[in-house]
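Open the model in your viewer and keep the selection tool ready. The tour goes stop by stop, with something to select at each one.

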Amino acid sequence: MAVPAQHFRTVFRRVAPLLPDAAAVISVVKGIEQGSLLRMTEVIAEESDHDPELVGVLSGPNIAPEVAEGQP
């Protein structure tokens with residue numbers, strides 16, 4: 001899943017019913033959901049009964065000023 005965090009839940013709701021049970025779901029989304037402050041893996045858990053062991057995250061480098069400011 002690679003959609004902006006503020007649209008992740010809406011898009012995942014539409015995609016979740018199409019996922020085979022054995023499909024891995026990898027989030028490459030930076031940030032957290034506005035309002036709920038949930039990580040995308042937590043949104044996946046709320047929006048589907050997909051096996052949590054098949055849900056993962058791929059991350060890359062952070063922007064140092066954001067990290068220094070304590071931003072998620």
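One definition first: Ala, Val, Leu, Ile, Met, Phe, Trp, Tyr, Cys and Pro count as nonpolar, Asp, Glu, Lys and Arg count as charged, and the others, Gly among them, count as polar. Keep in mind that this is a predicted model.

**Stop 1**

Start with the largest pocket, which has a volume of about 400 Å³. Its lining has 20 residues; select V29, K30, G31, S59 and N62, the closest to its centre. Now colour by element. Helix 2 and helix 3 (64-68) are the elements that each give two or more residues to this lining. What is the lining of the largest pocket made of, in nonpolar, polar and charged residues? The residues divide into 10 nonpolar, seven polar and three charged.

**Stop 2: helix 1**

Select residues 5-15, which form helix 1. Highlight A5, F8, R9 and F12, the buried residues of this helix. Turn to the face pointing away from the buried side. There you find Q6, T10 and R14, which are exposed. Next, show what covers the buried residues of helix 1. The cover includes strand 1 (25-27) and helix 2 (40-47).

**Stop 3: R9**

Stay in helix 1 and centre on R9. Why does R9 count as buried? Its relative accessibility is 14%, and the cut-off for buried is under 20%. Show the side chains of R9 and E46: they make a polar contact at 3.0 Å. Then widen the selection around R9. Leaving aside neighbours within four places in sequence, R9 is in contact with E33, S36, L38, V43, E46 and E47.

**Stop 4: helix 2**

Move to helix 2 and select M40, V43 and I44, its buried residues. The buried residues of helix 2 fall within an arc of 100°, so they line one face of the helix. Which exposed residues sit on the face turned away from the buried side of helix 2? They are A45 and E46. E46 is also the polar partner of R9 from the previous stop. Finally, display helix 1, strand 1 and strand 2 (55-57) together. The buried residues of helix 2 pack against these three elements.

Definitions and conventions. Residues are numbered from 1 along each chain as its sequence is written. This is a predicted model: local features need pLDDT of at least 70, side-chain atom pairs count only at pLDDT 80 or more; totals for chains, interfaces and linings use all residues. Side-chain values use heavy atoms; hydrogens and water are left out. Buried means under 20% relative accessible area, exposed over 50%, partly exposed in between (1.4 Å probe, protein chains only). Helices (H or I, at least four residues) and strands (E, at least two) are DSSP runs, numbered from the N terminus. Contact means heavy atoms within 4.5 Å. A polar contact is a pair of N or O atoms within 3.5 Å; within protein, one must be able to donate a hydrogen and the other to accept it, and residues adjacent in sequence count only if both atoms are side-chain atoms. On a 1 Å grid over the protein atoms alone, a cavity is a set of points where a 1.4 Å probe fits but cannot get out, and a pocket is an open set with protein on both sides within 12 Å along at least five of seven lines; lining residues have an atom within 4 Å of a point. Grid points are joined across faces, edges and corners, and a volume is the space filled by probe spheres set on the points. The arc is that of the directions from the helix axis to the C-beta atoms.
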